[in-house]
Amino acid sequence: MNEQLFFKKLENLYTSKEIFYFLNSLEVMSDTMASRALQKISEVEADDNGLKNPELLENEVFRALCFQFEFECSNLSNTGLLTALQALIKLRIDPQSTLMTSLLSESQDRLGRGQLTAENLCALGESLLELESTSCATLEQIVSHMQERGIERWSPREIVMVYKILQVTVREGKQWQNLLNRLNSVTLHTVSQLSPNFASVILNSLVVLHQTRAVPLVTALCKHSVKHVPYFTDHELVNVLEAFLYFGQNMQIFTKALERHVSKSIHTMHPQTVSKVMQYCCKKMILSKPIFDAVAESFISSADRLTTDQIAAYIIPFGTLNYLPPSAASLFGKLEAVLHARLRHFQPHTLLNLLHSCALIQRYPINFLPKIFNPYFLQKLQAQTPGLNRVAMSQLTQLFLTVTLECPFYEGPKLLSKYQVKACPTPHNSPDVHLFKRVKTGLLYLLKKRIYFASEVSTPYFYVVDIEIKLDEEGFVLPAAQLEEVHRRIALCVDGQNRFCAHSHNLLGEEAIKQRHLQLLGYEVVQIPFFEIENLQNTRKMADYLHKKIFPRTYGLRN
């Protein structure tokens with residue numbers, strides 16, 4: 001049969017049974033036809049989970065094909081040899097079998113003799129990467145032969161394959177930075193031609209190879225990824241999100257594309273992909289209500305099928321970014337039910353992070369705090385990396401403060417004092433230096449003397465107050481150092497952009513709980529957000545703003 005007619009007929013067959021029946025009707029096949037038949041069988045009978053029907057390996061026609069390749073491999077064309085190798089790898093044929101060792105040995109001989117074309121080199125490289133047991137020397141040989149062609153002439157497929165080979169060889173301690181610099185430069189000019197899969201693979205390689213200096217290429221790939229968001233597989237999207245996180249990329253157009261995709265596809269996305277989306281939002285401080293609302297609905301319907309780490313990944317960002325979705329009642333009701341059923345399956349730090357995030361948004365984990373404050377649990381927390389570090393102890397302290405201040409009806413065990421810390425170490429709580437300086441200058445103009453306010457005041461209750469002003473019973477401002485006759489304490493919270501979600505006026509959970517607790521501790525909390533004062537052009541205007549904000553009626557100074 002004519003090869004082109006064979007390929008056309010083969011393309012219209014959709015089961016291995018149909019393919020074997022068709023092949024059985026032929027008297028003679030070229031090696032190219034036979035290898036394409038193997039390739040078609042691998043396409044219909046193998047997927048990411050392996051072989052769909054292992055019995056096909058015993059089929060007489062299949063065995064005859066394999067016999068032909070095993071004993072005539074030296075007579076095969078390059079295309080026939082390498083197409084067959086790729087198909088058999090996909091069909092999970094044992095790499096140690098006589099068939100596979102014959103094909104691999106012949107391929108490597110031809111590589112050594114320089115008989116492989118660029119397309120052949122690409123096919124061999126992809127096969128060896130799939131096997132994962134190949135020596136780096138063979139992979140390096142492929143790269144060396146490809147370099148002889150001139151890197152500028154490589155196709156996107158060849159570029160992707162070399163990036164993947166470099167990932168493997170770099171792990172073995174090989175240094176390829178000069179080649180990488182050239183490869184990064186050439187790839188920059190082919191970005192617009194890259195498929196979703198190729199863009200994802202290259203971004204993943206740049207992360208693995210620590211190419212932090214390839215900023216133009218990373219930026220171009222991230223921009224290019226925006227239009228591919230609906231077409232990425234779950235695995236590809238995870239790679240892209242990891243690259244955005246690793247390289248510090250933050251594009252609102254990417255977030256918008258992600259919002260549209262998640263809202264539409266949430267119920268078909270793998271939980272690990274949803275977890276990565278939430279991690280991306282959380283680390284970038286992106287409060288995307290469309291994403292969070294969709295994830296909340298997904299959690300309500302699928303929480304029983306999630307791992308404990310996935311449960312935490314879905315829920316913690318709600319607390320971190322201080323957001324309650326419209327379905328909050330159902331969301332946290334489902335979370336409570338899951339915790340009751342699977343509490344002992346959670347790792348100690350995962351459980352602590354999860355319950356702490358709930359407290360940030362006033363979803364008090366009352367029923368589970370006796371376990372958290374239990375000395376046995378705290379010992380387990382200490383034993384698990386990273387142990388009882390300051391972050392863990394701060395979370396414990398904040399949970400204890402929460403039940404003390406916000407849940408007076410709680411009668412369970414308390415947190416022992418040795419597990420409590422005196423100051424909150426959260427980086428988001430540090431005031432914006434420039435903003436802080438402007439507010440202090442305005443206060444000095446307003447109050448005339450620096451003695452009338454104190455900055456960064458440590459309280460006995462874990463929190464640090466940005467600026468504290470003391471008043472006596474008649475409303476006069478007292479010197480900050482005075483301890484007697486203090487009737488009112490005003491806590492100024494100078495909230496820079498670092499205390500808000502990105503591109504938002506929504507306070508982060510850590511700052512929201514701090515201001516809530518300061519009020520319950522007796523402070524009059526006055527918020528000074530960046531967006532109210534960033535356009536105040538001089539000290540006088542700042543002083544007028546502070547006057548209206550802190551002393552809406554009037555004030556006086558007590559000598």
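F7 in turn forms one aromatic cluster with F6 and F22.

## About the model

This is a predicted model, in which local features need pLDDT of at least 70, side-chain atom pairs count only at pLDDT 80 or more, and totals for chains, interfaces and linings use all residues. Residues are numbered from 1 along each chain as its sequence is written, and side-chain values use heavy atoms, with hydrogens and water left out.

## Aromatic pairs around F292

The structure holds 16 aromatic pairs (rings of Phe, Tyr and Trp, the last by its six-membered ring, with centres within 6.5 Å; planes under 30 degrees apart are stacked, over 60 edge-to-face, the rest tilted). One of them is the edge-to-face pair of F292 and F318, at 5.0 Å centre to centre and 70° between the planes. Because F292 belongs to helix α16 (residues 289-302) and F318 to helix α17 (residues 308-320), this pair ties together parts 26 residues apart in sequence (helices are DSSP runs of H or I, at least four residues, numbered from the N terminus).

F292 also pairs edge-to-face with Y323, at 6.2 Å centre to centre and 75° between the planes. Y323 lies in the loop between α17 and α18 (328-342), 31 residues from F292.

## Burial

F292 has 0% relative accessibility, so it counts as buried (under 20% relative accessible area, with a 1.4 Å probe and protein chains only). F318 is buried too, with a relative accessible area of 0%, and Y323 is likewise buried.

Key
Helices (H or I, at least four residues) and strands (E, at least two) are DSSP runs, numbered from the N terminus. Buried means under 20% relative accessible area, exposed over 50%, partly exposed in between (1.4 Å probe, protein chains only).
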